[in-house]
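Colleague: I'm new to this one. Could you pick a single spot and take me through it slowly, along with anything that helps me read it?

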Amino acid sequence: MADTQLAGRVDIDPAAVAEDLARAAGFRFSEAYSDYLCGGLWKSLMLFASGGEGGDGLITNYDHGRKSSVTAFGEQLPYLRQVVERNFHLENLNFARIAEMTNSVTVPHRDLLELEDIPQEARNAHRMHIPLETNEGALFTEDNVVYRMAVGDVWFFDASKVHGAAALTTRSRTHLILDFTDAADAADVVRFPLELSGGIPEDRISKRPSLTDAELEALYRLADVVDLENYRDVLGLVIKKHYRRDGGEDFVWRTLTEIGRRCPDQAVRTKIQEELRFFLMERSAQTPDGGTS
């Protein structure tokens, strides 16, 4: 899988995007990855998929032995279909979907942990993002870097690394996400000249002040109130702090683990350890995967 980096730019017509998204608003989107969320909404709609099936949005639930083709949703969204067909080679395309996120953060996680049963040649190997509509509250994180993508950017996105996304506003952020099988060369999946940045460009990185000791201790004191009922709210507070303050490497899970250590409720400590394993280490093929970013 290619490292996360800016791969180039394509022309995006905001009016045409708005027209297609207005039409798509009447479709039934998948909310399959709600377990990855703290807060509001992340929903997706398949435009291209194995056998042209719209499906339920769970990557592991598609027949990876069938060639990808346009879905009934993609047929009804002509401009977005054109963006895919005009800018990418379809030979290696597995999936193309739009993903809308609003007023929410995703739990830091790694994708593609349970695809061992899928033949190597059919597995997702390259992921690309194209923002269609975005705003200042739409952010991504990889390791301890927080960054933004701009409309028309085309990004390689390394979903195997610990990553997450945030929409810190009630305004929607909508991306086109494409998954490709492995190719001899990354350039083989695109129809435009690659201009690889070699990493996350400096002008896309969000500069955050360092987390203070007082702020960290205030987060630790959430151990006094956290329980299974409000656990996701507490997790969301920690994740949101990561997007605004630099707490160092592995801040979210390190902080949550310390909150658990201080919490007198064994059920909460067990929950934290179970989720840490699920999001970072291993998931069964029966659990959702494929990515929420």
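Modeller: Let's go for lysine 43, which counts as buried because its relative accessibility is 18%; buried means under 20% relative accessible area, exposed over 50% and partly exposed in between, using a 1.4 Å probe and protein chains only. Before going on, bear in mind that this is a predicted model, where local features need pLDDT of at least 70 and side-chain atom pairs count only at pLDDT 80 or more, while totals for chains, interfaces and linings use all residues. Residues are numbered from 1 along each chain as its sequence is written, and side-chain values use heavy atoms, with hydrogens and water left out.

Back to our spot. You'll find lysine 43 in strand S2, residues 37-50 (strands are DSSP runs of E, at least two residues, and helices are runs of H or I, at least four, both numbered from the N terminus). Leaving aside residues up to four places away in sequence, lysine 43 touches Phe29, Ser30, Glu31, Ile98, Ala99 and Glu100, where a contact means heavy atoms within 4.5 Å.

So what does lysine 43 form with glutamate 100? A salt bridge, with the closest N and O atoms 3.8 Å apart; the term needs a side-chain nitrogen of Lys or Arg within 4 Å of a carboxyl oxygen of Asp or Glu. Side chains of opposite charge can pair when their charged atoms come close. This pair ties together distant parts of the chain, since glutamate 100 sits in strand S4 (residues 93-106), 57 residues apart from lysine 43 in S2. Glutamate 100 is buried too, at 17% relative accessible area.

For some context, the structure holds 20 salt bridges. Another one joins arginine 127 to aspartate 179, with the closest N and O atoms 2.7 Å apart. Here arginine 127 is in strand S5 (residues 126-133) and aspartate 179 in strand S10 (residues 173-180), 52 residues apart. Arginine 127 counts as buried at 2% relative accessibility, and aspartate 179 is buried at 2% as well.

Then there's lysine 161, whose side chain meets that of glutamate 142 in a salt bridge at 3.9 Å, N to O. Lysine 161 lies in the loop between strand S8 (153-156) and strand S9 (163-167), whereas glutamate 142 belongs to strand S6 (residues 138-142), 19 residues apart. With 31% relative accessibility, lysine 161 counts as partly exposed, but glutamate 142 is buried at 9%.

Finally, have a look at Arg9, Asp153, Asp203 and Arg204, which are linked in a network of salt bridges.
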